[in-house]
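The sequence and model come first.

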Amino acid sequence: MAISLPETLAPPTDTLTPRQIVVELDKYVIGQKDAKRAVAIALRNRMRRQKLPPEMAEDIVPKNILMIGPTGVGKTEIARRLARLAQSPFIKVEASKFTEVGYVGRDVESMVRDLVELAVDMVREERLEEVRGKAEQNAEERLLDLLLPPPRATLDPSLTEDELRSSGTPAQESWQHTREKFREQLRDGRLDHRSVDLDVRERAFPSFEVITGSSIEEIDINIKDMLPGLIQGRTRKRRLKVPEAFDYLVQEEEGKLVDMDSVARVAVEKVEQSGIIFVDEIDKIAGREGGGQGPDVSREGVQRDILPIIEGTTVNSKYGMVRTDHILFIAAGAFHVSKPSDLIPELQGRFPIRVELEPLGKADFVRILTEPKNALVKQYIALMETEEITLRFLEDAIDRIADFATLVNERTENIGARRLHTVMERLLDEISFEGPDLRDKIITIDAAYVDRMLAAIVKNEDLSRYIL
């Protein structure tokens with residue numbers, strides 16, 4: 001699962017000390033100091049490595065991290081926020097989705113290809129941001145040409161557009177004056193009701209797959225590159241409203257201004273030097289063959305297939321060869337049934353940093369509900385504000401919500417902070433449904449309200465298993 005990283009955090013990452021990195025992570029993740037400390041050191045070491053001479057930097061490999069802890073304690077969130085902080089290409093994959101070569105399932109090398117695709121999107125967005133002003137300027141000129149074509153009938157037809165604009169004849173001066181009026185109206189939105197005829201490139205093309213004895217993901221046939229005249233050259237005339245035509249022309253101009261070969265090179269380098277892959281559920285492939293853990297004999301095979309990716313190998317992608325030697329791997333698992341020592345020794349050796357995350361208690365739940373930038377309480381307050389409803393959570397209400405979440409986790413499965421989502425949804429179910437029709441737009445949530453909405457469900461253990 002690819003996760004985009006649009007947000008830029010300050011201060012600049014190359015100046016962040018490990019202590020400052022932990023402070024940034026504290027804004028989003030409660031507790032888990034050891035895990036934050038480990039990832040902060042890993043990120044800082046990556047910054048240190050980039051300042052070394054190339055011959056020395058080549059031999060310094062990242063110290064991969066293995067996070068051990070139950071679900072819902074912040075393993076994924078720590079890795080995701082770290083990647084956003086570093087503005088690094090980052091993907092989260094589930095180890096259980098991969099299979100040994102010869103079995104039906106995802107090829108382990110696909111995680112690297114997915115990371116490259118994500119990095120290409122990131123670099124492309126950066127380049128598009130740089131050229132957007134120029135692209136909009138060019139698109140505006142093209143749109144004005146469609147709305148008010150140059151007066152070629154009274155001028156030399158062999159003249160170019162620029163020569164027409166600078167010819168200085170009375171007809172040209174009148175046309176130029178009218179064009180500037182059109183430009184002003186276009187920018188003010190007064191031409192939005194008008195339509196223009198535009199040559200639009202055909203995008204639809206029948207897709208097909210080539211199936212051979214090897215993995216389908218290894219086959220990379222770019223039909224558009226092979227048959228540019230057949231696909232990219234086909235256009236059809238469409239009548240578009242002025243705003244739609246402007247958006248299309250901006251995209252077309254951006255495509256002309258961005259060098260995709262350069263984007264691909266930068267993206268591959270970004271992946272090789274600063275990519276982060278989060279491998280979740282690694283405990284699900286920790287069973288050994290012949291260990292009496294069922295008929296799934298592919299578990300150790302998956303470990304052996306993942307091993308070279310983590311050790312450092314070269315993966316073929318549509319953008320070129322990608323080396324994985326310096327990609328940071330963060331693996332995580334609950335390890336309820338298995339334990340880290342059940343992984344094959346070679347794989348264990350590639351995760352030298354082991355961090356155990358602690359289960360969350362009531363005090364942590366209280367902080368999770370209120371302290372982070374994206375705290376649940378803040379989210380629900382913002383959601384209700386869209387209906388002009390003001391939600392007020394009293395301290396005793398927060399305390400009771402944390403009480404109920406802790407109690408349900410103890411009685412049923414412990415799913416950590418995710419329990420707060422189910423509790424909050426149940427608590428605000430009535431307000432969410434009746435919200436648009438409420439006359440009283442100021443609602444105070446206190447301990448009594450929490451008890452009224454949740455106490456009966458929590459008290460009935462069988463009911464709470466299904467609802468909470």
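Among contacts in the protein chain between residues at least 6 apart in sequence, what percentage join residues at least 24 apart? I looked it up, and the value is 77%, with contact taken as heavy atoms within 4.5 Å.

Notes on the source: I am reading a predicted model, where local features need pLDDT of at least 70, side-chain atom pairs count only at pLDDT 80 or more, and totals for chains, interfaces and linings use all residues. Residues are numbered from 1 along each chain as its sequence is written, and side-chain values use heavy atoms, with hydrogens and water left out.

Of the 468 residues, 43% are buried, meaning under 20% relative accessible area with a 1.4 Å probe, protein chains only.

Helix H19: I looked at residues 447-459 and noted a kink of about 40° centred on Met-453. The bend at a residue is the angle between axes fitted to the seven residues ending there and the seven starting there. Met-453 is also among the buried residues of H19, which include Tyr-449, Leu-454 and Ile-457.

Second largest pocket: I noted 34 lining residues, with Gly-72, Val-73, Gly-74, Ala-417 and Arg-418 nearest the centre. A pocket is an open set of points on a 1 Å grid where a 1.4 Å probe fits, with protein on both sides within 12 Å along at least five of seven lines; lining residues have an atom within 4 Å of a point. Helix H4 gives the most to this lining, with four residues.

Technical notes. Helices (H or I, at least four residues) and strands (E, at least two) are DSSP runs, numbered from the N terminus. Buried means under 20% relative accessible area, exposed over 50%, partly exposed in between (1.4 Å probe, protein chains only).
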